[in-house]
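Student: I would like to learn how to read the features of a protein model, taking one feature at a time. Could we begin with the strands and go on from there?

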Amino acid sequence: ASAIAAALAYVLVARPPTLPRQFVAVLQKSPEDPAFAMTVDVDKLEFSVRPVAARAPADKSYELWIIAPSQSPKSLGVIDAATGERTLREDRGAVRNATYAVTVEPKGGSPNGKPSGAPVFFGKLVPVGP
């Protein structure tokens, strides 16, 4: 019994559980309204976001925000059809636990670095794979 306990302790210490590295979020108003799909690689701290059904109003832009627990929203940039990979400048734990939100902003994005209105789409990351 001691040998089994020692072996189990060794496995738990030597091989800590792996945390998910790939995440996805669907940013939406409701389950019937997917607007954007977002993927995040927490090892590289990179993300991409693609429109699903969202179309920005004329002369406006959609802007993506990260809202980490106990922090103010931080802009991740304006979203358009050409949005490619971008880098996150946040702590990995904050990235995993944040809420991601999209606001409607003046063309080109928020003029003062803060959301100018309430989010129109939002979502949380969920792990992909094991």
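Student: How many bridges join E3 to strand E6, and in which sense do the two run?

Tutor: Helices (H or I, at least four residues) and strands (E, at least two) are DSSP runs, numbered from the N terminus, and two strands pair if DSSP finds at least two bridges between them. Here 2 bridges join E3 to E6 (residues 86-87), and these strands run antiparallel; within this pairing, Glu46 has Thr87 of E6 as its bridge partner.

Student: What should I know about the model and its numbering before I go further?

Tutor: This is a predicted model, in which local features need pLDDT of at least 70, side-chain atom pairs count only at pLDDT 80 or more, and totals for chains, interfaces and linings use all residues. Residues are numbered from 1 along each chain as its sequence is written, and side-chain values use heavy atoms, with hydrogens and water left out.

Student: How many residues does the largest nonpolar core have, and where do they come from?

Tutor: In soluble globular proteins, nonpolar side chains tend to be buried together. A nonpolar core is a set of buried Ala, Val, Leu, Ile, Met, Phe, Trp, Tyr and Cys residues joined through side-chain atoms within 4.5 Å, where buried means under 20% relative accessible area, exposed over 50%, and partly exposed in between (1.4 Å probe, protein chains only). The largest one here has 24 residues, and those with the most contacts inside it include Phe36, Leu64 and Tyr100. E1, E2, E3, E4, E5 and E7 each supply at least two residues of this core, and the largest share, 4 residues, comes from E2. Taking contact as heavy atoms within 4.5 Å, and leaving aside neighbours within four places in sequence, Phe36 touches residues including Leu27, Tyr62, Val102 and Phe121.

Student: Which side chains meet in salt bridges?

Tutor: Side chains of opposite charge can pair when their charged atoms come close. A salt bridge is counted where a side-chain nitrogen of Lys or Arg lies within 4 Å of a carboxyl oxygen of Asp or Glu, and the count here comes to 2. In one of them, Arg21 meets Asp43 (2.8 Å, N to O); Arg21 lies in the loop between H1 and E1 and Asp43 in the loop between E2 and E3, so the pair ties together parts that are 22 residues apart in sequence. Glu90 and Lys74 also meet in a salt bridge (3.6 Å, N to O), linking the loop between E6 and helix H2 to strand E5.
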